[in-house]
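Please look over the model shown here.

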Amino acid sequence: MAEQSFDVVVVGAGPGGYVAAIRAAQLGLRTCIVEREHLGGICLNWGCIPTKALLRSAEVFHLMNRAKDFGLSAQGIGFDLDAVVKRSRGVAKQLSSGIGHLMKKNKITVVMGEATLPAPGTVRVTTDKGTETLTAPNIILATGARARALPGLEADGDLVWTYKHALVPKRMPKTLLVIGSGAIGIEFASFFNTLGAKTTVVEVMDRALPVEDSEISAFARKQFEKQGMVIREKTTVTALERGAGMVTAHLEANGKTETATFDTVISAVGIVGNVENLGLESLGVTIDRTHVVTDEYCRTGVPGLYAIGDIAGAPWLAHKASHEGVMVAELIAGRHPHAIKPNTIPGCTYCHPQVASVGLTEAKAKEAGFTVKVGRFPFVGNGKAIALGEPEGLVKTVFDAKTGELLGAHMVGAEVTEMIQGYVIGRTLETTEEDLMNTVFPHPTLSEMMHESVLDAYGRALHF
């Protein structure tokens with residue numbers, strides 16, 4: 001049994017783990033990372049990156065079908081699903097390979113295998129060559145999460161898919177049911193709907209995109225329905241009857257149950273943390289609903305043991321995991337990093353139209369006791385949006401009426417996943433409405449709507 005000693009061992013090489021390892025190495029710590037499957041984790045291989053590649057293909061296909069709107073001509077427009085998927089997998093492979101290069105560049109030891117923690121400061125890895133024991137005073141858990149499976153709705157890879165099956169589809173669905181309207185569900189619904197699938201989205205909550213501001217959710221729903229999607233809110237899928245090439249779904253709403261048939265179902269009902277078979281309970285780690293409980297610095301309560309990313313709970317976002325990885329590495333190195341503030345972490349959904357947000361929704365701000373000022377600006381009032389042929393969208397800002405603090409920002413429309421970062425910086429710097437009003441935004445850009453939304457909150461909008 002081989003044994004190696006390090007300053008830090010990271011378990012999991014997703015966007016939290018590999019970034020934590022890089023930063024630890026940069027700070028002079030002898031670092032090892034353990035991964036059981038793919039460098040880059042779910043995000044690079046089966047999540048964030050390949051889905052965006054698929055969605056880009058759908059976006060181009062959508063624009064090709066609108067060629068006439070731009071004074072262009074295009075005939076015989078179609079798609080090759082296998083080729084679309086091949087491109088997506090190629091993008092994922094390229095980036096995953098890049099992680100291997102970064103590990104070598106930073107002199108990080110990579111061990112491929114299944115990890116357990118038999119004792120404090122010890123990681124035992126089962127590899128294809130045997131067992132290795134790694135010791136370190138600091139261990140960072142970054143094992144991520146996987147799709148939640150509800151009883152009776154489990155995926156089979158044939159008629160019922162998880163996100164992994166949907167990324168490498170064996171066929172183009174004709175009639176598609178998507179269970180869950182969070183980011184994963186609505187992105188796949190948007191992709192397959194754009195390519196021609198007759199798509200129904202079922203959401204158990206009272207609105208689609210339930211974590212977003214209600215006004216943004218309502219706007220997005222109208223756009224989805226214009227594209228032909230059927231959105232069913234306050235609806236539960238109670239059973240799936242699988243037959244020859246078809247699934248009969250039992251849908252319950254308002255105390256009544258009805259059935260509908262589909263050739264494909266995608267289950268996107270949340271995730272569960274990968275906490276099993278690590279030996280965490282015997283170490284005294286507290287686990288709550290499949291997630292490791294930590295403090296604001298990702299400490300588990302067990303000396304020298306940290307948990308970052310999806311395994312440590314919401315928000316389940318790659319950029320949150322990466323930032324936590326950097327924070328923990330700096331903490332281990334004796335620095336004094338700032339704890340991450342959840343309300344400064346942006347969320348992005350890459351459907352069509354895109355959705356992005358940061359901070360408190362209007363409703364949450366009021367629940368927290370704030371008196372608010374709310375500004376709005378529609379895309380139809382922006383010259384760049386009209387020139388792009390993307391006049392459907394909305395920018396909404398929420399301020400504390402007493403102090404002028406930017407409490408939250410919420411957007412739906414073209415490229416809002418890029419625009420949101422301006423407000424994220426504003427939240428981090430504790431920006432007030434005066435700062436934003438006095439900022440000069442370039443013209444003509446979509447970002448001008450961010451300025452106008454701020455002005456509108458104080459009755460000073462110029463272009464609408």
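## Backbone details in loops

Pro 353 sits in the loop that links β22 (347-349) to β23 (354-359). The model is predicted, and in it the peptide bond from His 352 to Pro 353 is cis. Omega there is near 5°.

A cis bond also joins His 443 and Pro 444, with omega about -5°. Pro 444 belongs to the loop between α13 (433-437) and α14 (448-457). Lys 234 has a positive phi, near 50°, and is a residue other than glycine. Lys 234 is placed in the loop between β13 (230-232) and β14 (236-242).

## Overall form

The chain contains 14 helices and 26 strands. Along the principal axes, its C-alpha atoms fill a box of roughly 65 × 60 × 50 Å.

How does the radius of gyration fit a compact globule? For 464 residues, such a globule would have a value near 23 Å. The chain has 23 Å, so the two agree.

## Helix α3 against α4

Two packed helices are described by the angle between their axes and by the distance between those axes. Helix α3 and helix α4 (residues 81-105) pack at about 145°. Their axes lie 8 Å apart. The crossing is right-handed.

From α3, the contact uses Ile 49, Pro 50, Ala 53, Leu 54, Arg 56 and Ser 57. From α4 come Val 84, Val 85, Arg 87, Ser 88, Arg 89, Val 91, Ala 92 and Leu 95. By class, this contact of α3 with α4 has nine nonpolar, two polar and three charged residues.

## Helix α3 against α6

Helix α3 (residues 48-64) also packs with helix α6 (residues 183-194). Here the angle is about 35° and the axes are 9 Å apart. α3 passes α6 in a left-handed crossing.

Which residues of α3 meet α6? They are Thr 51, Lys 52, Leu 54, Leu 55, Ala 58, Phe 61 and His 62. On the α6 side are Glu 187, Phe 188, Phe 191 and Thr 194. The contact of α3 with α6 divides into six nonpolar, three polar and two charged residues.

Rolling a probe the size of a water molecule over the atoms shows where empty space is left. The second largest pocket holds about 810 Å³ of space. Its lining has 30 residues. Nearest its centre lie Glu 59, Cys 351, His 352, Gln 354 and Glu 390.

The largest share, seven residues, comes from α3. By class, the lining has 11 nonpolar, 11 polar and eight charged residues.

## Helix α3 in summary

Helix α3 links several of these topics. α3 packs with α4 in a right-handed crossing and with α6 in a left-handed one. α3 also gives the largest share of the lining of the second largest pocket.

Key
Residues are numbered from 1 along each chain as its sequence is written. This is a predicted model: local features need pLDDT of at least 70, side-chain atom pairs count only at pLDDT 80 or more; totals for chains, interfaces and linings use all residues. Side-chain values use heavy atoms; hydrogens and water are left out. Axes are lines fitted to C-alpha atoms, for helices over the stretch in contact, and angles run from 0 to 180 degrees between N-to-C directions. Helices (H or I, at least four residues) and strands (E, at least two) are DSSP runs, numbered from the N terminus. A crossing is left-handed if the near helix is turned anticlockwise from the far one by less than a right angle, and right-handed if clockwise. Contact means heavy atoms within 4.5 Å. Ala, Val, Leu, Ile, Met, Phe, Trp, Tyr, Cys and Pro count as nonpolar, Asp, Glu, Lys and Arg as charged, and the others, Gly among them, as polar. On a 1 Å grid over the protein atoms alone, a cavity is a set of points where a 1.4 Å probe fits but cannot get out, and a pocket is an open set with protein on both sides within 12 Å along at least five of seven lines; lining residues have an atom within 4 Å of a point. Grid points are joined across faces, edges and corners, and a volume is the space filled by probe spheres set on the points. The radius of gyration is taken over C-alpha atoms; the globule rule is 2.2 Å times the number of residues to the power 0.38.
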